[in-house]
Amino acid sequence: MTKGLWKGLTLTVLIAGIPSISIAQSTASNQTQATLSAALDPPPASDAKVNTTHAPADAAQPSIADEMKVLKDRIEQLETEVKEEKARSLADSADTEALKAAEKQMVASTGTPMPPSAASTPAAAQAPAPAPAAAPAPPEMNAQTTTKGEPFPGDWTWLNSNGHAVDSPMSTKYFTPEFRADANYILDYNHPKDDTMGGATESFRSDEWQLEQISIGGDIRINNVRGRILTMDGLFSTTTPRNDGSVSRGNWDLTGAYKYVSEAWGGYHWDVSHGLNVDAGIFVSYIGLFSYYNFDNWTYQPSFVSSNTPWFFNGLRIQYFPTAKLKIEPWIVNGWQSYARFNGKPGLGGQILWRPKPYLDFVWNNYGLGEDDAGYPGRSRIHADYSAQVKFYDKPKAFFDKAAFTLTGDAGCEMGGGPAVGYYNPKGLSPEKGSADSYTGGVNCHNSAGGRPKQAFIGWMGYTRFWFDKDLYAITLGGGQMNNPGRYLTLLPPINGATAVTGTPYFTENPGDRSQMHDGTITFDYMPSQFITFTIEQGYRYSDVPYWTGRGGITPPGGNNGAPTQYACISGSPSGYGYGTDLSIVNQACGGAAGSTTSIWWPDLRTNQTNTTIAIKVRF
């Protein structure tokens, strides 16, 4: 075909972004002229008009080869776009089928249908489905996102101490708020007339509704700088600090400064491995497995291994996540659940947390070096606390859908320093029975050196939990045992308002003083939402020495008299004499006769306690 033959018929083609092309064509037998405009794409956004007229005869015409090449390239481009569109349509169809399958699985496992999604409308099918909310990191992690991702991915809401909340709807880029409320009604079958219970970190008042905890705060993160604040009010704000004896050393009211704070720290995150954090302030310890906060736990009243070990540390921690399944966390702290140092040495410790499988959790806590008995420099403490948690059954579609157990073992002791001569109560008898023996020197872990009394702790606890009806209900069975000669970790009953600083002559904590206890609980939880738990718990606790509050109560007549270190008189007034004084002299000071103790007030302490607890716990 030559130029001479391309006359008569002009074809003008408009292609988006390409100038119109005019092609003249003629044949020997039929010379006709026509104009054809084909718009293969929408016109440009401007108001420019398309030229559909004949080009002047003398206008410069592009070569036929160039025009054909442009047209061929555009056709190939359009064919490619059609193929890509078909591929997207096939992918969207696959996504729609996947969404339908996911919806069926969610309905089968949770009974709750998915909200309208890409599976329901063709328009929505082009948008990616939103990612499901991930379970929040357990509070002991506190790692931020790294280039390798968060440590311990997966669902860990089955763990004791972690709680069953799966997300935080109020979370923003920089702040994740937190609110907690915990109210209880505890019926103590000893029916103490002063409604005062002792020997626990969760059970304080009988036959009353009480607000155990009300807290607000959250986590802040801006770039790699991080912090956490959680206030503490309710009964916890007075019952937790009263177990810290370190505040008696030196000045400034540390109890007043910290009593309304449960966690408060600031630190920095480095994007190393799966995370490296350095934080300073008050942070939770997790020695004893259970969380500081009852919402997070399988039971309301934990056993002695948890209840008698620290809930918090004040100092510095370093969290290193070398892999997605391992955390190594050293501590440099003031002491054992203490705002300050008790004596001359701080405490050192740390945690190793390993989660090799989605159904396995192992934690090793160790503590040492600290001199944690006020007034006894040179007396050091060591402690080991090891726990395992195993989810051994998981059938989401069954009515009985999940089961797990925990097992914790603790061992520790104190050694060294003490008065040159002291007294202790190896038989655990009450002071009026007169059973003190003398000793010289300090204390020992094994009661084998120079007649020093044994100052040790050994205990265990175990719990098994069963979930039903897609985790709507749960039942937990368990308990534990503690042997603590020396009573250095046995909680002091608040007799006449006694604290760890004051002590009490009615329940001594001398080296070697006997203390053996065991307990058991059965707990039923109803969890209609991830943010609330209704709990009913039946518990029993036993001590081989009088310890639990009896019907007569542990408050002197007329109320606490402000002198917990002294014996009280039957009238309720202080006697002026404390532990170690001949009881005949105390009785005379109270207006009684020599050789008698009838004018001395005695708290009513029992060897057993049975409780029913009803609690409502909220966490956002």
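## The chain and its disulfides

The protein chain holds six helices and 25 strands, where helices (H or I, at least four residues) and strands (E, at least two) are DSSP runs numbered from the N terminus. This is a predicted model, in which local features need pLDDT of at least 70 and side-chain atom pairs count only at pLDDT 80 or more, while totals for chains, interfaces and linings use all residues. Residues are numbered from 1 along each chain as its sequence is written, and side-chain values use heavy atoms, with hydrogens and water left out.

Of the 620 residues of the chain, 45% are buried, a term for under 20% relative accessible area with a 1.4 Å probe, protein chains only.

Two disulfides are counted, a disulfide being a pair of cysteine sulfur atoms within 2.5 Å.

| Disulfide | S to S | Torsion about the S-S bond |
|---|---|---|
| Cys413 and Cys445 | 1.8 Å | about 55 degrees |
| Cys569 and Cys590 | 2.0 Å | about -75 degrees |

Because of its torsion of about 55 degrees, the disulfide of Cys413 and Cys445 is right-handed. This pair links distant parts of the chain, 32 residues apart, with Cys413 in strand E14 and Cys445 in the loop between strand E16 and strand E17. Cys413 is buried at 6% relative accessible area, and Cys445 is buried at 9%.

The disulfide of Cys569 and Cys590 is left-handed, because its torsion is about -75 degrees. Cys569 lies in the loop between strand E22 and strand E23, and Cys590 in the loop between helix H6 and strand E24, so the pair ties together parts 21 residues apart in sequence. Cys569 is buried, with a relative accessible area of 2%, and Cys590 also counts as buried, at 16%.

Conventions:
Buried means under 20% relative accessible area, exposed over 50%, partly exposed in between (1.4 Å probe, protein chains only).
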